[in-house]
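This report describes the fold of one protein chain and the surroundings of selected residues.

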Amino acid sequence: MIGRRAFPAGSQTRAGVRGRIVGFAHVALLPPAAFAVHQLRYWLAFGSKAGIELQRTGHSYLHSAVPWLIVLLALAVGGFLRALGRAFAGHTSPARFTLSLTALWLACSAALVAIFACQEFLEGLFATGHPAGLAGVFGYGGWWSIPAAMSIGLVLATVLHGARWLVREVARRRARPYLVVIGPALRPARPRDAVVVCTQPLVSGWSGRGPPTLD
């Protein structure tokens with residue numbers, strides 16, 4: 001008979017740690033995606049002159065951020081490979097996303113637009129040569145950040161959903177059923193022999209002859 005496995009408290013704690021690792025791997029994809037939106041916005045607005053415009057508006061600092069973005073990407077890929085390895089071993093069963101692909105796409109796109117707007121606003125305050133205020137966010141071709149965020153958000157949502165689906169499918173195919181040995185059913189104890197006391201026939205009114213006649 002195939003049954004369900006009872007997990008001890010320690011395994012539940014390890015499962016919680018693994019869930020946090022997977023969640024961190026998902027969040028680690030946001031900064032590289034935001035960087036892609038930023039660069040794509042300038043490329044769509046200025047084409048081959050995007051590099052010159054980035055230097056003119058104080059974006060030279062982004063070159064120093066590229067190695068850290070690569071580290072975050074490596075952590076995200078490592079988290080996915082770890083989950084995939086556990087799925088091949090039959091040790092994991094990830095839950096489905098509560099959001100559909102469309103809803104996750106819209107959520108990722110909105111998050112990327114918000115990150116871009118905050119980044120450009122801060123650059124307008126502190127970066128030399130960068131326009132300040134709303135013009136520095138959506139002016140000078142900044143509105144291209146919206147279609148750029150929609151495009152990168154779709155890629156990000158597809159990657160997240162695809163990775164989760166792949167891990168689930170591998171875990172489902174590699175899951176090994178186990179047998180639960182059930183002992184013989186307990187039989188009710190047979191009652192001991194009881195002594196039945198038989199009453200006299202006259203007491204129960206079942207006498208074999210009638211009452212005596214009175215002379």
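Leaving aside its neighbours within four places in sequence, with which residues is E53 in contact? The contacts of E53 are with Y42 and F46, contact meaning heavy atoms within 4.5 Å.

The model is predicted: local features need pLDDT of at least 70, side-chain atom pairs count only at pLDDT 80 or more, and totals for chains, interfaces and linings use all residues. Residues are numbered from 1 along each chain as its sequence is written, and side-chain values use heavy atoms, with hydrogens and water left out.

The secondary structure of the protein chain consists of 8 helices and 0 strands; helices (H or I, at least four residues) and strands (E, at least two) are DSSP runs, numbered from the N terminus. Of the 215 residues, 26% count as buried. Among contacts with a separation of 6 or more, 83% join residues 24 or more positions apart.

Two residues are set out below; buried means under 20% relative accessible area, exposed over 50%, and partly exposed in between (1.4 Å probe, protein chains only).

| Residue | Relative accessibility | Class |
|---|---|---|
| E53 | 13% | buried |
| F126 | 69% | exposed |

E53 is located in helix α3 (residues 50-56). Its C-alpha atom is separated by 9.9 Å from that of H130, 77 residues apart along the chain.

F126 belongs to helix α5 (residues 101-126). Because its relative accessibility is 69%, F126 counts as exposed.
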